[in-house]
Amino acid sequence: PQVVGSVLIDDQGRLIWAWSRARALLAGGMFRVAMAAPTDPDLPATPAPDQADAARLAAEWLSWSVQFGVAPSRVLVVMARAPDDTHAGSDFGAALARAWGGAPVDLIGHEDPVLATLQRLRTPAAEDPLAAPPGTSALTPATTSGIGATRVSSLTRRPSRTHRRLYRVTAAAIAAAAVVLGVVAWRFSAVATQRRDLAASLIRLARDDAQGVGGAALALAGTDELLDELRATIQQRRQQLEPPDAAAPTVPVMEEVATLALVLGNDRVELQELMADQTLVNVIIHTQDVGKAERVLAALRSISGSHVEAWRDTYTEVGTGESIRIRATFAGAWSSDAGRGLPAGEGRAP
């Protein structure tokens, strides 16, 4: 379809132009033209476009054609004129035809060109010679009317003042968010700087303390080595300050010797050896026969107040002839509660 350039000049002197192809809007613009003073003072001024206005319109169209790569091949001019003025705008039409490469210019005069344009929009597409093939028209048929009325849907989809206001508000919100983020980032940076300064001061204090503890070599060590050395030094000092472990409780040796003396101290038993230490008690006696030695062993096992248990006995003969004697060896172990809770060197009373 060809590109049509439409020019509307209303009675207020506004020149409104638009390019369209198959009733689809391509470009548009507006500027004011000269106004002619009426011969009758009671009548309003009328628009009087001249060759300068035609040259201005042609220059503007030329810039748009460079951007789009297309140009109108037909021009339709609708302008306001008085009913008796049949030559109004003829000079403008001729000048525009010359300026626009000899394209055909249709000049239509009307008392109310805006009303004429709106009436043309209500023309059914089948009766409009400029209508596009079915399915390609930018003028969508209305569904609420049965007379084929149409609406300019392409104009309704163009950005309006509401869109521009929305863009401005969005840009302002983004700028405010950027300012807030900048302030927050600055605060974080300031806090990070304070933390770094505090860490540096603590490291300096630690190095000074380390120099007092481990000398200059420790103060010059790295942070990790410094921490390891300080931990080792603290552990060493803690161990030095801890009280020594209490000695293990000793068994009541003297008390046990006095208890055993109650059994061994009689004329029927010859005590050869009595040894008691922290691990065991060993008793060696001589008797006339084994029976007496066994009675001594029974007395040792049943004596009250003794801390020795698990007596083991061994018997041998010593001597010759009439001087043969029985050598009895008794070995006992301390009981588990012997001397429990008693300080070292002290016995426990029976």
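This is a predicted model: local features need pLDDT of at least 70, side-chain atom pairs count only at pLDDT 80 or more; totals for chains, interfaces and linings use all residues.
Colleague: Which side chain meets Arg14 in a salt bridge?

Modeller: Side chains of opposite charge can pair when their charged atoms come close. For Arg14, the N to O distance in the salt bridge is 2.8 Å. The partner is Asp10.

Colleague: Is Asp10 buried or exposed?

Modeller: A residue counts as buried when its relative accessible area is under 20%. Asp10 has a relative accessibility of 5%, whereas Arg14 has a relative accessible area of 32% and is partly exposed. Because 5% falls under the 20% cut-off, Asp10 is buried.

Colleague: How many salt bridges does a search of the whole structure find?

Modeller: Let's meet some others. Asp106 and Arg74 form a salt bridge at 3.2 Å, N to O; Asp106 lies in strand 7 and Arg74 in strand 6, 32 residues apart. Arg325 also forms a salt bridge with Glu270, with 3.0 Å between the closest N and O atoms. The number found in the whole structure is 3.

Colleague: Which strands stand at the edges of the open sheet?

Modeller: The sheet has 4 strands, with antiparallel pairing, in the order 10-11-13-12.

Colleague: Which residue in strand 13 is the bridge partner of Glu309?

Modeller: Strand 12 and strand 13 run antiparallel and are joined by 9 bridges. In strand 13, the partner of Glu309 is Ala333.

Colleague: What angle does the direction of helix 9 make with that of strand 12?

Modeller: Helix 9, residues 290–302, packs on the sheet and touches strand 11, strand 12 and strand 13. Its direction, taken against that of strand 12, makes an angle of about 165°.

Colleague: How far apart are the axes of helix 1 and helix 2?

Modeller: Two packed helices are described by the angle between their axes and the distance between the axes. Helix 1 passes helix 2 in a right-handed crossing, and the angle is about 35°. The axes are 8 Å apart.

Definitions and conventions: Residues are numbered from 1 along each chain as its sequence is written. Side-chain values use heavy atoms; hydrogens and water are left out. Two strands pair if DSSP finds at least two bridges between them. Helices (H or I, at least four residues) and strands (E, at least two) are DSSP runs, numbered from the N terminus. Contact means heavy atoms within 4.5 Å. Axes are lines fitted to C-alpha atoms, for helices over the stretch in contact, and angles run from 0 to 180 degrees between N-to-C directions. A crossing is left-handed if the near helix is turned anticlockwise from the far one by less than a right angle, and right-handed if clockwise. A salt bridge is a side-chain nitrogen of Lys or Arg within 4 Å of a carboxyl oxygen of Asp or Glu. Buried means under 20% relative accessible area, exposed over 50%, partly exposed in between (1.4 Å probe, protein chains only).
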